[in-house]
Amino acid sequence: MTSSTGHPAPSRRPSVDWPTAGLSFGGDYSPEQWPWETVLEDMELMREAGVNLVTLGVFSWIVHEPRDGTFDFSWLDRVLDLLHEHGIGVDLATPTAAVPMWLHRLHPEILPQDEHGHPLAPGGRLGWCPSSPVFRHFALRIVDRLAAHVAGHPAVRMWHVSNELGGGNARCHCPVSNDRFRAWIAAKYESVDALNTAWGMAFWGNTYSSLEEVTTPSGVTAHNPGQLLDYERFSSDELLEHYRSERATILRHTPRLPVTTNFMVGLGPDVVDYPRWADEMDIVTNDHYTYGPDPRRHQELAFSGDRMRGMSGGGPWMLMEHAAGAASWHPINQPKRPGEMIRHAMAHLARGSNSVMFFQWRASRSGTEQFHSAMLPHAGRDSRIFRDISTLGAHLVALEEVRETVVVDAQVAILHDDEAGWALKSGLKPVNRPSYADTARALHDALFRRAVTADVVPPWSTLTDYRLVVVPGLFLVSDANAAAVRAYVEAGGTVLVTWFSGIVDEVNTVRTGGFPGAFRELLGVSSEEFFPLTSDERVTLDNGWLFTRWSELLRDPDPDAGVEVLASAVDGWVAGSPAITRRTVGAGTAWYLSGDLEDDSLGALVDRILEETGVERVARVSDGVEAVRRASSSASYLFLVNHTDEAAWTDATGVDLLTGAEHEGRVVLAPGGVAVLRETPAQPTPNPPLLESS
Ligand code: GLA
């Protein structure tokens with residue numbers, strides 16, 4: 001993966017053509033909602049804004065196939081030709097997110113059913129059961145006709161399978177899904193005894209006599225954790241199978257165009273298992289929407305970007321959708337603050353996206369999302385949003401050379417796994433409604449505030465080149481992945497394992513003998529009992545740090561195990577218990593954090609570990625400045641985003657590609673300002689990340 005100069009190669013999928021010559025810029029485009037004169041105006045305004053790619057046809061099934069078996073692509077042809085004439089490429093969607101009403105009328109059995117066996121109502125979108133062979137037949141028929149029709153059209157640059165698969169239809173309990181689930185279970189466990197053991201069906205006397213008795217989890221009381229976890233896996237697999245069947249149909253007609261489906265990656269766990277889907281995407285793409293009331297929404301955005309990079313093998317990924325202004329599904333939908341849309345766009349690019357795309361180009365007047373923001377708002381061209389969009393379009397042209405670079409400097413890996421998150425929410429826990437990624441986010445935030453780049457990667461990733469691996473609340477871990485963490489430490493790495501990690505195995509069964517089960521021996525510690533804290537409780541440690549939310553009763557470590565107790569609890573029910581430990585293992589170090597440190601204490605712990613491991617900051621920055629570096633073998637680019645309302649600074653030298661300004665030694669950023677510096681000289685990357693999945 002690394003070139004002779006030590007920079008990572010641009011992508012692990014070198015055979016795929018990027019859909020645009022430069023960075024991609026545009027959004028979802030739904031001309032079927034508008035008269036032709038508006039479409040013609042769109043062409044002019046897109047050109048004015050610098051749009052070079054649109055996602056077309058996401059909800060256009062009814063246009064392509066107005067009646068069962070009657071196909072009409074004349075509208076599509078006209079739109080494709082117009083876009084092509086205006087130099088705009090197309091990310092063409094298969095329309096399977098939008099079931100035509102005639103299909104619902106002819107085949108009501110395709111509707112997903114909830115856990116009470118009630119079919120969902122037709123309308124909206126994604127109103128289909130992922131396992132339905134009837135739906136699959138109609139879906140593949142339209143995909144086949146569409147792909148055959150557009151093959152060779154020069155505007156079509158990539159394929160966008162359906163839309164946000166699983167966003168509404170991920171879990172179905174209809175009879176077909178039940179049959180498929182039974183078959184999936186039979187293939188996995190082979191015998192009823194193996195299944196009874198794996199799920200622990202002796203509890204509550206739920207033991208099966210036959211695999212024929214298995215159902216999707218839809219009982220009247222709380223469900224079995226093993227069953228729930230396998231149902232999540234099954235549901236993800238069914239949707240992946242749907243994706244694969246659409247992709248195979250497309251590739252028969254256009255074998256060279258990249259195929260993807262748009263993910264919804266945030267903190268996780270996700271609706272389907274994206275890290276395990278990622279290898280099936282020619283370009284990994286994401287839809288990302290920030291939550292306005294979250295004061296650290298830019299850091300949540302960074303977390304999602306760092307996860308996307310983890311799924312793209314370190315290479316470029318695509319931001320397929322985000323919002324130009326307000327969303328419309330929150331209780332109150334506030335617009336982005338002045339400059340915030342451009343800050344968000346720059347932050348996505350900084351973390352490895354080679355595109356800035358939006359939902360959507362023109363704000364709809366009617367329909368469910370009539371108040372969702374768009375690149376061209378209801379107010380029209382003479383508006384703050386459209387002016388900012390045009391500025392952004394010009395920025396992307398100025399940044400064109402960045403397309404050949406990837407993010408460098410990640411010396412820290414944060415392990416993150418959808419299965420761990422699903423396991424955590426499956427069944428009853430010491431704290432119910434726990435949020436899987438809270439600890440991961442808190443640690444990522446501490447690194448973010450210190451301008452340290454971290455890759456958020458699945459636990460089966462190659463860890464060798466990281467100086468620090470963080471294992472935050474990784475509730476489920478397989479023996480193999482736990483062994484890989486141990487091998488990494490023995491070979492000289494440093495790991496920080498936090499509370500509620502390694503608790504269950506792959507079938508959601510508790511690892512007994514002391515927590516954190518899978519990591520107990522590596523850490524040389526063993527905890528007996530969890531003591532979650534109410535929102536007004538705290539546990540003080542003997543160094544003055546504070547635990548919130550969670551504490552544990554740890555046994556005194558075995559004196560021969562070489563465990564250093566860095567802090568112990570001085571109050572609360574766990575008073576006297578070791579709280580934070582550190583152990584040398586082979587050539588490396590293993591830390592255990594047994595409770596939820598409040599922010600300042602967590603920052604102090606992170607400072608200490610960064611110093612000890614020699615992890616370097618990307619740049620020296622003032623508070624609130626996000627700094628991320630991208631590089632090729634010959635050039636390096638420092639992305640700087642000032643998330644504060646004050647002027648801020650960074651130490652760096654180079655030319656700002658956005659303004660042409662030259663900076664020597666210090667860059668001063670305006671309040672809320674951004675800069676992208678081509679650095680002179682190009683900065684070497686101290687420790688190139690190696691993200692290949694094994
Ligand atoms: C998702 C969908 C879009 C639109 C946006 C905005 O990302 O893919 O079709 O609904 O959300 O809500």
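Student: Which residue stands opposite S636 in β24?

Tutor: That place belongs to A631. Keep in mind as we go that this is a predicted model. The general idea is that strands of a sheet pair through backbone hydrogen bonds, either parallel or antiparallel. Here, strand β23 (residues 625-631) and strand β24 (residues 636-642) pair in the antiparallel sense, over 7 bridges.

Student: In what order do the strands of the open sheet run?

Tutor: Follow β10-β23-β24-β29-β26-β27: these 6 strands form an open sheet with antiparallel pairing. At its edges are β10 and β27 (662-663), each of which pairs on one side only.

Student: Where is D409 placed?

Tutor: Look at the loop that links β10 (406-407) to β11 (412-415); D409 is there.

Student: Is D409 buried or exposed?

Tutor: Buried means under 20% relative accessible area. D409 has 5%, so D409 is buried.

Student: With which side chain does the side chain of D409 make a polar contact?

Tutor: Its partner is the side chain of R629, at 2.9 Å.

Student: Let me try another residue. Which strand holds V667, and is V667 buried or exposed?

Tutor: V667 belongs to strand β28 (residues 667-669). The same cut-off applies: with 1% relative accessibility, V667 counts as buried.

Student: Now the ligand. Which residues surround the ligand?

Tutor: The shell consists of F59, R125, N163, E164, D287, Y289, E321, W329, F359, E369 and H372. By class, the residues of this shell are 4 nonpolar, 2 polar and 5 charged.

Student: Why does the ligand lie between domain 1 and domain 2?

Tutor: To place a ligand relative to domains, ask which of them supply its shell. In this model, domain 1 (57-260) and domain 2 (262-398) both give residues to the shell around the ligand, so the ligand lies between them.

Notes
Residues numbered from 1 in each chain as written. Predicted model: local features only at pLDDT ≥ 70, side-chain atom pairs only at ≥ 80, totals over all residues. Heavy atoms only, no water. Near = heavy atom within 4 Å. Nonpolar A, V, L, I, M, F, W, Y, C, P; charged D, E, K, R; others polar. Domains from an automatic or database assignment. Helix = DSSP H or I, 4+ residues; strand = E, 2+ residues; numbered from the N terminus. Buried < 20%, exposed > 50% of the residue type's maximum accessible area, 1.4 Å probe, protein only. Polar contact = N/O pair within 3.5 Å; in protein donor to acceptor, adjacent residues only side chain to side chain. Pairing = 2+ DSSP bridges.
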